[in-house]
Amino acid sequence: MQRTILAALLTGALLGAPAWAAINPNKLGAAYDATKANVTFKVYSSKATRIELYLYSTATGSAEKAKYVMTNSGGIWSVTIPTSTLSGQGLGGTLYYGYRAWGPNWPYNASWTKGSSLGFISDVDAAGNRFNPNKLLSDPYALELSHDPTTATMTNGSIYASGATYRNIDSGSSAPKGIVLAGDTQATGTKPTRALKDDVVYEAHVRGLTMNDTSITAAYRGTYKGAGLKAAALAALGVTAIEFLPVQETQNDTNDNDPSSTSGDNYWGYMTLNYFAPDRRYAYDKTPGGPTREFKEMVKAFHDNGIKVLVDVVYNHTGEGGAWSPTDKTTYNITSFRGLDNPTYYSLTADFQNSWDNTGVGGNYNTRNTIAQNLIVDSLAYWRDKLGVDGYRFDLASVLGNSCQHGCFNFDKMDAGNALNRIVAELPPRPATGGSGVDLIAEPWAIGGNSYQVGGFPSGWAEWNGAYRDVVRQAQNKLGSVAITTGQMATRFAGSSDLYGDDGRKPWHSVNFITAHDGFTLKDLYSCNSKNNNQVWPYGPSDGGEDNNNSWDQGGIAADQRKAARNGMALMMLSAGVPMIVGGDEALRSMNCNNNPYNLDSSANWLNWSRTTDQNNFQSFSKAMIAFRKAHPALRPANFYSSVDNNGNVMEQLRWFKPDGGVADATYFNDANNHAIAWRIDGSEFGDTASAIYVAHNAWSAQVNFTLPWPGAGKSWYRVTDTCGWAEGASQVQAPGSEALVGGENTAYGLCGRGTLLLIAK
């Protein structure tokens with residue numbers, strides 16, 4: 001099972017040589033042969049002593065039609081069955097399947113029957129094995145799952161548990177089954193090859209994107225099909241990459257059992273049940289194969305509009321979760337990975353009795369184990385090559401940098417064998433100038449240990465820049481209570497060279513964001529002093545949520561709240577790096593101060609496409625700022641703002657100014673009493689239509705007069721936008737050619753308190 005080319009691939013990655021991962025070279029999972037005369041099943045377990053394949057003609061509610069003992073070769077268990085035999089067993093239609101496994105803690109007994117304890121020794125043994133043949137196991141490599149562990153008609157999740165109370169309950173008739181797909185040649189369109197530096201990322205939820213959209217046929221709302229129908233509108237907004245919250249199968253079939261209750265609901269989807277299967281709940285066509293076909297149809301719709309499709313993937317933990325209680329070493333859910341090979345797929349405590357947890361929602365996936373890594377790489381390659389995905393955002397990605405397996409956690413980017421370096425080796429990132437490859441984006445933190453790693457990821461990885469978020473929020477909302485210097489602001493606006501320049505990465509490895517799905521919306525960031533999660537449906541209740549949000553309601557003044565939001569949007573679009581906005585933020589979406597609506601599959605949490613005048617105005621502002629960014633390559637540098645001429649002299653492409661027009665120096669940058677900063681970008685070296693761009697940001701509460709720098713020989717400064725209230729309206733950002741003349745060098749411009757000014761030279 002070891003991939004003999006792994007060392008060579010890692011060496012190649014470190015030397016910069018690309019190497020493309022084959023999809024599932026061990027052919028794990030279930031597949032028909034070319035003539036569909038036979039179907040082969042393969043599953044991995046290094047610890048099992050017996051595995052049986054169970055075949056079903058229906059997804060739930062009936063007993064198996066047939067079962068087969070599998071043979072073991074080097075940890076790969078397999079069986080091949082003629083389809084003619086299956087037809088004779090009443091299995092001529094859709095083929096549903098699962099596995100039952102025995103091992104050292106529960107050896108096989110020939111007299112065992114479903115629901116019995118024959119052979120049982122312990123729920124967990126000294127080596128961490130948790131085999132239980134009463135639990136039907138879904139295939140980690142299944143390409144679709146039939147349903148979730150709990151559904152609207154089967155809400156008793158305890159049938160999947162181990163422990164004295166539950167271990168003898170048979171889960172077979174109710175458990176999710178893998179579906180054997182026949183395969184297809186459906187196209188996903190031409191993949192955009194745009195460089196990541198040129199992207200504007202839009203984070204959205206497949207279901208939430210269209211559930212409230214009355215322009216879409218009711219049956220398509222909340223589905224992949226419906227999402228594809230929004231591609232043209234998002235392209236018109238200026239979006240170039242849509243980043244979907246998890247679309248791999250997760251437990252959400254019971255979300256709307258009781259619309260007024262959030263008990264057990266999982267809307268966001270960060271509890272993955274299977275890493276290959278598109279979530280069936282988001283499909284209009286829920287028949288076998290339907291989710292896969294419809295997902296590909298959606299991808300094609302976005303590709304046809306020039307938009308990349310990025311998906312949020314969760315390889316740090318799984319939907320099996322952790323211990324039922326902190327003190328109970330026996331009661332765990334067993335639905336797939338845990339029942340096949342617990343110590344291979346999960347990081348365990350030193351005594352192998354419990355999960356090691358840096359996620360807060362169960363236990364770490366064993367990302368340092370080669371076999372467990374195989375599944376990560378195989379599934380990523382499958383989504384890339386078969387489903388058309390262009391890139392990934394990795395949830396709690398620091399767990400993928402773990403350099404040990406059991407009894408410890410240590411992030412080490414230099415460990416060539418960690419999952420982070422292996423992913424880069426086998427799924428080469430997109431080159432800086434664009435082309436083939438994938439965009440790899442990390443959420444660079446987890447919980448505990450040395451897991452906070454903003455700026456600490458290895459080459460090839462872009463990151464959600466949490467430092468950018470914090471500095472911008474604090475500079476806007478914490479004047480007088482948090483010491484933020486203009487030097488800190490300047491570093492973030494210019495691409496965070498302190499985080500990414502020290503290891504050869506570039507400004508575009510910084511994904512700049514102020515809000516994300518996890519936390520306040522943009523409107524709420526500037527309208528709420530604290531979270532309010534204990535609300536009634538549809539805005540709550542939600543538990544958890546960050547207490548320190550660096551938010552402020554701007555004194556309760558609605559106009560100032562809108563101004564603050566304009567500042568946030570403008571700064572993202574004017575900063576070096578890759579801007580990411582959250583779906584709905586372009587139009588001041590609010591969650592009424594709920595900052596953790598992970599469990600709200602509700603009308604409040606779905607995007608609202610019916611807009612007020614203020615929301616329409618803000619959307620016009622957002623669209624125009626995105627367009628300005630896309631029109632000016634000087635805002636999207638491939639390198640940090642400096643270049644070297646033919647004589648080896650460093651040429652400054654960006655210069656910082658104090659409000660009085662003098663060049664900002666270290667003394668000014670490092671003085672926390674200063675709160676106004678301006679910068680001029682020389683656009684000529686970027687082939688920019690504007691020979692120079694000038695931005696001034698005033699974080700003071702009162703007006704500041706800025707003295708403008710030289711605009712260039714024979715040039716004057718023209719105003720593109722001023723975020724201050726006087727300019728608010730549908731045309732606050734001036735279209736190219738209609739910018740207002742401001743003046744030349746040494747012209748004074750009075751910028752309101754907490755305002756941002758954008759000028760171009762022409």
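Reader: Hi! Where does proline 541 lie?
Author: Proline 541 sits in the loop between helix 13 and helix 14. Helices (H or I, at least four residues) and strands (E, at least two) are DSSP runs, numbered from the N terminus.

Reader: What am I looking at, an experiment or a prediction?
Author: This is a predicted model, in which local features need pLDDT of at least 70 and side-chain atom pairs count only at pLDDT 80 or more, while totals for chains, interfaces and linings use all residues. Residues are numbered from 1 along each chain as its sequence is written, and side-chain values use heavy atoms, with hydrogens and water left out.

Reader: Is asparagine 550 buried or exposed?
Author: Buried, because its relative accessible area is 8%. Here buried means under 20% relative accessible area, exposed over 50% and partly exposed in between (1.4 Å probe, protein chains only).

Reader: Which arginine has a positive phi?
Author: Arginine 754, with a phi of about 55°. Arginine 754 is in the loop between strand 25 (748–751) and strand 26 (755–761).

Reader: Let's switch to arginine 492. Which helix does it lie in?
Author: Arginine 492 is part of helix 11 (residues 486–493). Arginine 492 counts as buried because its relative accessibility is 10%.

Reader: What does arginine 492 touch?
Author: Leaving out residues up to four places away in sequence, arginine 492 touches Ala467, Tyr468, Val471, Asp498, Leu499 and Ala576. Contact means heavy atoms within 4.5 Å.

Reader: Which side chain does arginine 492 join in a polar contact?
Author: The side chain of serine 496, at 3.0 Å. A polar contact is a pair of N or O atoms within 3.5 Å; within protein, one must be able to donate a hydrogen and the other to accept it, and residues adjacent in sequence count only if both atoms are side-chain atoms.

Reader: And asparagine 333, where is it found?
Author: Asparagine 333 is in the loop between strand 11 (308–313) and helix 7 (337–345). Its side chain makes a polar contact of 3.0 Å with that of tryptophan 324. Apart from residues up to four places away in sequence, asparagine 333 touches Tyr160, Ala161, Glu320, Trp324 and Arg338.

Reader: Now the voids. How many cavities of 30 Å³ or more are there?
Author: The search of the whole structure finds five. The largest cavity has a volume of about 230 Å³. Of the 22 residues lining the largest cavity, the closest to its centre are His517, Val582, Gly583, Arg589 and Asn605.

Reader: How do you define all that?
Author: On a 1 Å grid over the protein atoms alone, a cavity is a set of points where a 1.4 Å probe fits but cannot get out; a pocket is an open set with protein on both sides within 12 Å along at least five of seven lines; lining residues have an atom within 4 Å of a point. Grid points are joined across faces, edges and corners, and a volume is the space filled by probe spheres set on the points.

Reader: What is the volume of the second largest pocket?
Author: About 910 Å³. Of its 32 lining residues, Ala30, Ala31, Leu143, Leu181 and Gly183 are the closest to the centre. Strand 1 gives the most to this lining, with four residues.

Reader: Last one: how many helices and strands does the chain have?
Author: The chain comes to 16 helices and 26 strands. Of its 762 residues, 61% count as buried.
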